[in-house]
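Please read these notes with the sequence and the model open side by side. Each point takes up one topic and can be checked on the display.

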Amino acid sequence: MNGKIPKTEGIKYTGSKLLLLPYILGTVSELPVQTVLDAFSGTTRVAQAFAQMGYDTTANDLSVWSEVFANCFLVARQPAAFYKEIIDELNALQGYRGWFSENYGGGVTSVEKRPFQLHNTMKLDAIRDKIDSYGLAWPDKCVLLTSLIYALDKVDNTLGHYCSYLKEWSPRSYATMKLLVPHKFPITTKNKAQRSDVFDAVKEYHDLVYLDPPYGSNNEKMPPSRVRYASYYHIWKTVILNDHPLLFGKANRREDSRDTVSSSVFEEYRRGKSGRFLAMEAIERLIKEANAHYLLLSYSSGGRATKSELNDILNSNGKLLKSVEIDYKKNVMANMKWTNQWTTSQDKYKEYLFLIEK
Ligand SMILES: C[S@@+](CC[C@H](N)C(=O)[O-])C[C@H]1O[C@@H](n2cnc3c(N)ncnc32)[C@H](O)[C@@H]1O
């Protein structure tokens with residue numbers, strides 16, 4: 001690896017691995033691999049980097065937004081000028097008060113807390129309807145949807161999650177949103193964009209599978225809570241589907257993002273009947289079932305109990321080739337000789353990468 005990190009793009013996203021890209025790519029580039037699966041792809045930043053490094057890349061995630069980003073960067077093949085012409089037209093549209101303005105737009109003096117100012121949701125209403133009218137192929141439509149989501153992400157009135165909105169308008173919410181052509185790189189590898197449960201995605205063989213599951217907070221010092229991607233980013237699903245769903249609660253979330261709707265087992269912080277953490281059991285099952293030569297697992301946060309369970313899992317499934325501890329605030333990486341030491345650290349800026357040979 002020549003030390004150059006390819007440029008990637010993404011929304012603000014809990015658990016985004018932008019800062020870990022140098023370490024992930026550094027580890028993978030030492031291996032004899034050609035096909036890679038980014039199995040929990042989220043923003044797809046890791047998949048975007050893999051594809052630019054020359055690997056045949058599959059991006060997979062349960063969420064509809066991740067599949068859209070993956071299609072935009074890994075699959076869509078029209079020249080930039082094709083998208084630019086449409087995006088210029090979209091930016092020039094006159095906004096109007098439609099469904100999005102009704103439910104997500106707020107006036108400067110509005111009493112209700114809203115994720116965007118009305119002048120931007122009016123543009124959103126016009127642009128989103130227009131995108132449907134072009135009748136484009138799905139990957140090309142995904143480029144426009146990605147561009148729209150990135151533009152909205154820059155003018156939001158949130159702390160990053162769409163479960164609640166700020167009381168005072170954020171400075172950036174006053175800006176007029178503007179769509180840009182996503183930074184697309186030339187596609188030179190065989191790529192795929194997929195929206196499957198991870199257990200289905202890992203059935204197909206890949207030389208390397210990168211696993212970056214969500215970890216609920218089970219840090220002993222914090223109240224247990226679930227990471228809930230469906231509720232944090234419900235708005236992106238609605239922008240993509242444009243399906244005017246039933247909404248509930250103060251944040252006007254989609255009905256299917258309720259906490260009672262069954263979510264991913266990886267988002268569980270509870271222990272199961274066996275006394276083990278449900279998420280850890282799922283990770284062990286995933287490591288066992290993944291059809292791959294190498295697995296690269298990301299791990300962050302979590303308390304002592306979870307770490308100790310993970311330590312056991314790593315030492316009893318496959319051959320642990322490498323364990324890396326990264327302090328990304330200080331940009332320092334250490335190769336760990338295998339000890340239990342990492343399991344007792346409570347430093348919240350530490351991230352771990354484990355390379356396993358199956
Ligand atoms: C920590 S984030 C991944 C972040 C990603 N590496 C990045 O850099 O943006 C975890 C992702 O797992 C996805 N996810 C949760 N449960 C899943 C499942 N059962 N199958 C596939 N994806 C799942 C979530 O939608 C979320 O995007």
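1. Aromatic cluster. Tyr13, Trp65, Tyr229, Tyr232 and Tyr233 are linked into a cluster by ring pairs. A pair here means two rings of Phe, Tyr or Trp (its six-membered ring) with centres within 6.5 Å; planes under 30 degrees apart are called stacked, over 60 edge-to-face and the rest tilted. By this rule there are 19 aromatic pairs.

2. Basis of the notes. This is a predicted model, in which local features need pLDDT of at least 70 and side-chain atom pairs count only at pLDDT 80 or more, while totals for chains, interfaces and linings use all residues. Residues are numbered from 1 along each chain as its sequence is written, and side-chain values use heavy atoms, with hydrogens and water left out.

3. In the pair Phe116 and Tyr162, the ring centres are 6.1 Å apart and the planes stand at 35°, so the pair is tilted. Phe116 belongs to strand β4 (residues 116-117) and Tyr162 to the loop between α7 (138-153) and β5 (192-194), so the pair ties together parts 46 residues apart in sequence. Helices (H or I, at least four residues) and strands (E, at least two) are DSSP runs, numbered from the N terminus. Both Phe116 and Tyr162 are buried; buried means under 20% relative accessible area, exposed over 50%, and partly exposed in between (1.4 Å probe, protein chains only).

4. Charges over rings. Which ring does the charged end of Arg258 sit over? The ring is that of Phe248, and the distance to its centre is 3.9 Å. Arg285 lies over the face of Phe199, 3.7 Å from the ring centre. The rule asks for NZ of Lys or CZ of Arg within 6 Å of the ring centre and within 35 degrees of the ring normal.

5. Polar atoms at the ligand. A polar side-chain atom of Asp61 is 2.7 Å from an oxygen atom of the ligand, and a backbone N or O atom of Lys17 is 2.8 Å from an oxygen atom of the ligand. An N or O atom in the side chain of Asp212 lies 2.6 Å from a nitrogen atom of the ligand. The protein covers 98% of the 610 Å² of accessible area that the ligand has on its own (Shrake-Rupley method, 1.4 Å probe).

6. Positive phi. Thr44 is not a glycine, yet its phi is positive, at about 70°. Thr44 is placed in the loop between β1 (35-38) and α2 (45-52) and, at 0% relative accessibility, counts as buried. Asn252, also not a glycine, has a positive phi of about 55°. Asn252 is in the loop between β7 (247-248) and β8 (253-254). Is Asn252 buried or exposed? At 16% relative accessibility, Asn252 counts as buried.

7. Two further residues. Trp236, in helix α10 (residues 234-241), is buried at 1% relative accessibility. Asp259 lies in the loop between β8 and α11 (278-289) and is partly exposed, with a relative accessible area of 42%.

Definitions and conventions:
A polar contact is a pair of N or O atoms within 3.5 Å; within protein, one must be able to donate a hydrogen and the other to accept it, and residues adjacent in sequence count only if both atoms are side-chain atoms.
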